[in-house]
Amino acid sequence: MNRVSGRTLAEGLKKLRHTLYHQGYNITTESWQGASEPPVFLEILHADLVAPMYTNASRATAELGASQPWADVHFEERTGGIPLNPPPSHTMWLKDTGKYLSKNQEAFSHSYPERMWAPSMDGIRFKTGNLGDAVNLLKKDPTTRQCYVPMWFPEDIIAANQGERVPCSFGWHFMERGGQLHCSYHMRSCDVVRHLHNDLYFANRLTQWMIDKSGLSAKVGYLHFSSTSLHCFENDRYALSKLIGEK
């Protein structure tokens, strides 16, 4: 277990990057993002971070280095109540949008707003829910252990078999204890150079958003982040060294 803690999320982020730089190994997978000739990755397994979240979005942006203005625009899409796919902000982030669209060239295989606000449909026993239902659960039962917002859906194992892109995030678990709302955020895969700073920022912002929308008398607490594969492209090793201050 590559476990670190931090006095701040930014300190924890730097420690995870440092761990990858010094302990990572090179690996080439059979495929990546649907491509049959993936690049070489620098990787560690079972990365784990616990650190207190920021109470101020501006400070979170500054210390984590969130990619603004895109990060705030996209956060509003994630929490706006509309299952957007593609979300309009993708043009601010992706250069080669076309190669990420599904074969029908109308939408991505998934999007975060689409998953977070998925329309209710029949499940095996009950109707499916979305982010709004998670807010309602916190309103009804503030100390519940059941407030989980999934990003990974059962259909994704089929999409993976078909070579489609699938979510990197599994989901977010929220739990209120001692006047603080804590968040556990688990990912199957995360890039520490290109994405992790934004993923931590989004989790922090979402926790505060959950407090605001549910009316909890609470402050943000600790974020527990984990990723089964924490990595970057091997040719990003130099950029990684600069991020952690290596000479």
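**View 1: Aromatic pairs across the model.** This predicted model holds 8 aromatic pairs (rings of Phe, Tyr and Trp, its six-membered ring, with centres within 6.5 Å). One of them joins W117 and W209, edge-to-face (planes over 60 degrees apart; under 30 is stacked, the rest tilted), with 6.4 Å centre to centre and 85 degrees between the planes. W117 sits in the loop between α5 (112-116) and α6 (131-140) while W209 belongs to helix α8, so the pair ties together parts 92 residues apart in sequence. Both W117 and W209 are buried (under 20% relative accessible area, 1.4 Å probe, protein chains only; exposed is over 50%, partly exposed in between).

**View 2: An aromatic cluster.** Here Y112, W172, Y185 and F225 come together as one aromatic cluster.

**View 3: Where α3 meets α8.** The axes (lines fitted to C-alpha atoms over the stretch in contact, angles from 0 to 180 degrees between N-to-C directions) of α3 (residues 70-79) and α8 (residues 196-214) come within 11 Å and cross at roughly 50 degrees. Touching residues (heavy atoms within 4.5 Å) include W70, F75 and R78 of α3 and Y201, R205 and W209 of α8.

**Notes on the views.** Residues are numbered from 1 along each chain as its sequence is written. Local features need pLDDT of at least 70 and side-chain atom pairs pLDDT 80 or more, while totals for chains, interfaces and linings use all residues, and side-chain values use heavy atoms, leaving out hydrogens and water.

Key:
Helix = DSSP H or I, 4+ residues; strand = E, 2+ residues; numbered from the N terminus.
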